[in-house]
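My notes follow the structure.

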Amino acid sequence: MAGSGLARSCLVTVERPGLLTTVQDAGRPGLAHLGVPRSGALDPAAHRLANRLVGNPETSPVLETTLDGVTLRFSGPAAVAVTGAVAPLRLDGRHVGWGVPVLVRPGQVLDLGRATSGVRCYLAVSGGFAPPGVLGSVATDLLSGLGPPPLAAGQTLPVGAASGYPAPVDLAPYGIPSGEVELPIHRGPRDSWLTSAGRSTLTTAAFTVATASNRIGLRLAGASVGQAARGELPSEGLVWGAIQVLPDGGLVIFLADHPTTGGYPVIAVVDPAGFSACAQAAPGTTVRFHTVHSDGRARDGPSRRGG
Amino acid sequence: MGRSALLVELGDLADVLSLHAEIERRRALGWAPSLTDVIPAARTILLDGVTDRAAIEQDLRGWTVPPAAVRDGPVVEIPCSYTGPDLAAVAAAWRVSEREAALTHARAEYRVAFCGFAPGFAYLTGLREELAVSRRPSPRTAVPPGSVGLAGTYTGVYPRSSPGGWQIIGSTGACLWDPGKEPPALLTPGTRVRFVDVT
């Protein structure tokens with residue numbers, strides 16, 4: 001296949017937008033002091049892999065789907081690849097590969113179905129999606145409303161000119177967690193706000209992802225993490241992965257669209273190695289935490305599940 | 001804070017503003033180029049994108065930080081209807097009637113200390129220490145745009161619907177964030193603010 005064939009212009013028409021499908025790139029780092037969230041692909045590893053498979057720069061804009069996929073019609077030739085959540089992929093009704101580059105001819109319809117494992121699929125197209133951006137990014141930020149609105153039926157998406165060749169692979173291994181999720185965390189900075197029982201509960205109890213979860217954060221139900229009575233903390237900066245404890249003992253793990261500051265104590269932070277698992281944890285998923293050193297080595301002994 | 005961020009704890013807001021000015025001055029000269037975000041807040045500065053934690057900690061300890069100059073920004077008037085769902089709770093905490101609570105809030109003069117939380121959200125100082133109120137025990141999942149809220153001695157206005165744990169005492173029709181304007185935020189650090197009671 002010649003690269004020049006993919007350089008022809010291509011428009012993508014949305015036939016079925018799915019539950020929540022947004023354009024995502026690497027977001028808007030560097031503007032947090034203005035209250036602008038970082039945003040960007042919630043599963044950064046899957047985002048980069050999808051782009052590599054179609055020969056794009058790693059941070060090119062892709063589509064991020066939520067649970068039930070998306071259906072697109074292509075006006076021109078393109079290479080596409082789907083990573084992230086595992087879901088059936090059909091081209092004009094015929095099954096095609098997940099996690100590999102797929103060549104689409106003009107007029108063909110690509111249907112990405114309901115995720116069988118995980119939550120968010122990443123659909124990259126050679127050349128990348130090219131909607132208008134704001135503050136240096138085309139990412140849709142659900143907290144602040146920056147970026148284009150989620151996809152709607154009938155809308156068209158421009159595609160940029162392909163800059164590279166699709167990767168000639170048959171399989172790109174990518175781990176999708178199934179069942180229980182174990183997240184590596186770094187304690188602090190405010191773990192002294194927990195009771196000693198609360199500190200222990202954090203790494204021994206099983207939590208459950210609540211339905212109120214979204215791109216802003218994962219709400220966790222189940223065990224309550226006891227907070228020592230210490231008054232109130234003034235608002236302070238937050239990072240992706242920050243775990244806040246609410247006054248009722250509930251936990252929130254902040255994700256890409258998190259507010260840039262917050263006032264409830266951050267008692268631990270999920271290591272970036274756990275970001276993909278957070279993005280792919282569906283409501284009802286069991287979550288456990290284990291403490292790691294700053295270099296990523298496990299710190300808890302084998303007794304961490306003893307509680 | 002996690003593998004790649006550092007939370008610097010300071011004595012008060014004045015110390016924060018001074019160290020923040022010094023950090024930005026040195027960043028402009030090439031200090032700590034891996035940093036992606038520097039977020040000043042009430043008593044802390046968060047440095048995100050830290051690769052060499054030990055070197056940054058050593059630098060911060062070694063600096064002599066001059067006090068930051070207080071700039072007098074423009075005055076912005078924000079019309080406020082004091083009819084928020086938490087006005088009664090705030091009035092009770094202040095041991096006054098709801099009407100008196102509204103007047104007390106509208107009488108104070110405010111200044112933007114720093115921005116954060118969401119685009120266009122500014123943390124306003126100006127309420128006296130004894131009027132500090134606590135946040136709600138559980139945040140609301142959606143606070144309407146224009147909501148005027150209190151947390152501690154800070155006042156803030158929600159630019160758009162978002163989750164929020166502040167005590168909502170009123171609402172305004174003022175546009176806090178317009179990406180088509182430069183700057184997009186109505187309230188930027190140093191801006192002086194008055195709330196005009198239109199209840």
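**The barrel**

I started with chain A, where seven strands close into a barrel in the order S12-S19-S16-S17-S14-S13-S20, with mixed pairing. My strands (E, at least two residues) and helices (H or I, at least four) are DSSP runs numbered from the N terminus, and two strands pair if DSSP finds at least two bridges between them. Neighbouring strands here are turned by 40° against each other on average, direction ignored.

This is a predicted model, so I kept local features to pLDDT of at least 70 and side-chain atom pairs to pLDDT 80 or more, while totals for chains, interfaces and linings use all residues. Residues count from 1 along each chain as its sequence is written, chains are lettered from A and ligands numbered from 1 in the order written.

I looked up S16 (residues 242-245) and S19 (residues 266-270) of chain A: they run antiparallel and share three bridges. A:Ile243 has A:Ala268 in S19(A) as its bridge partner. Helix H3 (residues 196-204) of chain A packs on the sheet, touching S19 and S20 (286-291), and its direction makes about 115° with that of S20(A). Contact means C-beta atoms, placed from the backbone, within 7 Å; axes are lines fitted to C-alpha atoms, for helices over the stretch in contact, with angles from 0 to 180 degrees between N-to-C directions.

**Chain B side**

I found 36 residues of chain A in contact with 36 of chain B. S15 (236-237) and S19 of chain A each supply at least two residues of chain A's side.

**Confidence**

Chain A averages a pLDDT (the predictor's confidence in each residue, from 0 to 100) of 89, and 89% of the residues score at least 70.

Terms used. Two residues are in contact if their C-beta atoms, placed from the backbone, lie within 7 Å.
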